[in-house]
Amino acid sequence: PRWNKGVAEDAGNSDGPGGPGGRGRSTPDVDPKRRGKVPAQLSTSQLCSAGERIAKLCEQLHFWQDQSQDLQHDLRQKLAQKAAVDARHEHRGALACRLQQLQGDLRQRREGLERLKDPAGHFRMELHAL
């Protein structure tokens with residue numbers, strides 16, 4: 001069987017648009033530019049072939065949508081991992097700063113203790129006048 005492309009059948013209008021059972025006007029879904037032209041004919045095999053191509057395109061679309069979602073998920077994970085690494089680096093930098101401060105404080109205290117020792121290595125007591 002052959003199908004008319006672009007022609008809508010009107011089940012309640014067997015006599016045509018202007019006949020006794022018609023409405024007195026042409027079919028509304030026919031483009032005015034195409035009025036009076038013979039509609040293209042499609043064979044069943046052409047219709048099936050087009051349907052198969054459309055089905056393959058739909059499969060590809062779903063595949064690429066899935067790929068896109070997977071990539072978005074992976075990207076979100078990578079960004080979260082990077083944020084965690086950046087936070088660790090920032091914390092490590094703060095710890096290194098604090099370590100330098102503490103090492104400086106320790107050095108000053110050791111120097112102060114050395115000044116309090118006598119030449120024999122014993123701590124000496126200095127008496128201050130009141």
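Is Phe63 buried, partly exposed or exposed, and at what relative accessibility? Phe63 counts as partly exposed, at 42% relative accessibility; here buried means under 20% relative accessible area, exposed means over 50%, and partly exposed is what lies in between (1.4 Å probe, protein chains only).

## What we're looking at

This is a predicted model, where local features need pLDDT of at least 70 and side-chain atom pairs count only at pLDDT 80 or more, while totals for chains, interfaces and linings use all residues. Residues are numbered from 1 along each chain as its sequence is written, and side-chain values use heavy atoms, with hydrogens and water left out.

## Overall layout

The protein chain has one helix and two strands, and read from the N terminus they go β-β-α. Those elements are DSSP runs numbered from the N terminus: helices are H or I with at least four residues, strands are E with at least two. Helix H1 takes in residues 44–116, and strand E2 covers residues 41–43.

As for burial, 4% of the 130 residues in the protein chain count as buried. The chain exposes about 12100 Å², with 57% of that supplied by carbon and sulfur atoms; the areas come from the Shrake-Rupley method with a 1.4 Å probe, and for residues only the protein chains shown count as cover. Take the contacts (heavy atoms within 4.5 Å) in the protein chain with a separation of 6 or more: 47% of them join residues 24 or more positions apart.

## The aromatic pair

There's one aromatic pair in the structure, made by Phe63 and Trp64 in an edge-to-face arrangement, 4.9 Å centre to centre with 75° between the planes. The rule covers rings of Phe, Tyr and Trp (its six-membered ring) with centres within 6.5 Å; planes under 30 degrees apart are stacked, over 60 edge-to-face, and the rest tilted. Trp64 counts as exposed because its relative accessibility is 55%.

## A salt bridge in the helix

The count comes to one salt bridge, meaning a side-chain nitrogen of Lys or Arg within 4 Å of a carboxyl oxygen of Asp or Glu. Lys82 and Asp86 are the partners, at 2.9 Å from N to O. Both sit in helix H1, four residues apart, or about one turn of the helix. Lys82 is partly exposed at 48%, and Asp86 is partly exposed at 38%.

## Serines and cysteines

Ser43, in strand E2, counts as buried at 14% relative accessibility. Its side chain makes a polar contact with the side chain of Ser45 at 3.1 Å. That term means N or O atoms within 3.5 Å; within protein, one must be able to donate a hydrogen and the other to accept it, and residues adjacent in sequence count only if both atoms are side-chain atoms.

What about disulfides? Searching the whole structure for cysteine sulfur pairs within 2.5 Å turns up zero. Cys48 is partly exposed at 45%, and Cys58 is partly exposed at 37%.
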